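Subject: Structure for you to look at

Hello,

Here is the structure I said I would pass on. Please have it open while you read the notes below it.

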Amino acid sequence: MLRKISLFMLFTIVWSYQKFQMLIPNGDAVPNPCAGQSGIWGGVGHNVAAGGGLNNQFGLDFNSSGKVWTPEFCQKDSDQDGKSNGFELGDADCKWTPGGTPEGIATGHPGVCEPMNSSKCQQVNKNITCSPSNYT
Ligand SMILES: *[C@@H]1O[C@H](CO)[C@@H](O)[C@H](O)[C@H]1NC(C)=O
Ligand SMILES: *[C@@H]1O[C@H](CO)[C@@H](O)[C@H](O)[C@H]1NC(C)=O
Ligand SMILES: *[C@@H]1O[C@H](CO)[C@@H](O)[C@H](O)[C@H]1NC(C)=O
């Protein structure tokens, strides 16, 4: 029973972040910035790669923009690392619309300040958790 419930919860989490991935450029291809980890950070708006739980600043800003990739949200630097959300997600010119092909690939994580453990990032990344790792 417990197992069924947690499988259901996992499914729900994965389903909800996959739905949101399609609303931002390269949402399903954001690299995991944690040291020694490869693969994708599926829950882009969350503090853990697998999604669920609290939002990171990018997730909060996504919610504030009405879950729409607006020019303002694209130009914002949610994680305060000096690179705009659009730049990190491969849409530096903020031209992408849902269903379209972004002009570039995602080069960074818009909700995790990078380089991750640099002094400018300590506060922003306070709630970012590098483990457990991503599922993919
Ligand atoms: C940053 O520090 C945390 C905690 O020590 C560690 O888990 C993580 O892998 C580090 N990330 C990088 C990119 O060095
Ligand atoms: C998302 O935004 C709505 C208003 O648009 C607000 O009521 C809600 O608390 C926000 N959720 C989070 C997690 O910030
Ligand atoms: C970290 O999480 C706490 C709630 O547990 C929240 O109040 C705080 O604003 C968060 N800080 C950052 C930088 O995300």
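**Salt bridges**

Lysine 76 is partly exposed, with a relative accessible area of 42%. Buried here means under 20% relative accessible area, exposed means over 50%, and partly exposed lies in between (1.4 Å probe, protein chains only). Before the rest, note that this is a predicted model, in which local features need pLDDT of at least 70 and side-chain atom pairs count only at pLDDT 80 or more, while totals for chains, interfaces and linings use all residues. Residues are numbered from 1 along each chain as its sequence is written, chains are lettered from A and ligands numbered from 1 in the order in which they are written, and side-chain values use heavy atoms, with hydrogens and water left out.

Side chains of opposite charge can pair when their charged atoms come close. What does lysine 76 pair with? The partner is aspartate 61, in a salt bridge with an N to O distance of 3.6 Å. A salt bridge is a side-chain nitrogen of Lys or Arg within 4 Å of a carboxyl oxygen of Asp or Glu. The bridge links distant parts of the chain, 15 residues apart: aspartate 61 is in helix α2 (residues 57–64), and lysine 76 is in the loop between α3 (71–75) and α4 (85–88). Aspartate 61 is buried, at 8% relative accessible area.

By this rule there are two salt bridges. Glutamate 103 and lysine 95 form one of them, with their closest N and O atoms 3.5 Å apart. Glutamate 103 is partly exposed at 45%, and lysine 95 is exposed at 59%.

**The chain as a whole**

The chain has four helices and zero strands, where helices (H or I, at least four residues) and strands (E, at least two) are DSSP runs, numbered from the N terminus. Of the 136 residues in the chain, 41% are buried.

**Aromatic rings**

Rings of Phe, Tyr and Trp (its six-membered ring) pair if their centres lie within 6.5 Å; planes under 30 degrees apart count as stacked, over 60 as edge-to-face and the rest as tilted. The count comes to four aromatic pairs. Phenylalanine 20 and phenylalanine 62 have ring centres 5.6 Å apart and planes at 70°, so this pair is edge-to-face. Phenylalanine 20 belongs to helix α1 (residues 2–21) and phenylalanine 62 to helix α2, 42 residues apart, and the pair links distant parts of the chain. Is phenylalanine 62 buried or exposed? Phenylalanine 62 is buried, at 8%, while phenylalanine 20 is partly exposed, at 26%.

Tryptophan 69 and phenylalanine 73 also form an edge-to-face pair, with 5.3 Å centre to centre and 75° between the planes. Tryptophan 69 is buried at 10%, and phenylalanine 73 is buried at 3%. Ring pairs link Phe20, Phe58, Phe62, Trp69 and Phe73 into a cluster.

**Ligand 3**

Which residues surround ligand 3? They are Leu54, Gln123, Val124 and Asn127, where a residue is near a molecule if one of its heavy atoms lies within 4 Å of it. A polar side-chain atom of asparagine 127 is 2.3 Å from an oxygen atom of ligand 3. Taken alone, ligand 3 exposes 370 Å², and the protein buries 39% of that; these areas come from the Shrake-Rupley method with a 1.4 Å probe.

Regards

Note on methods:
A polar contact is a pair of N or O atoms within 3.5 Å; within protein, one must be able to donate a hydrogen and the other to accept it, and residues adjacent in sequence count only if both atoms are side-chain atoms.
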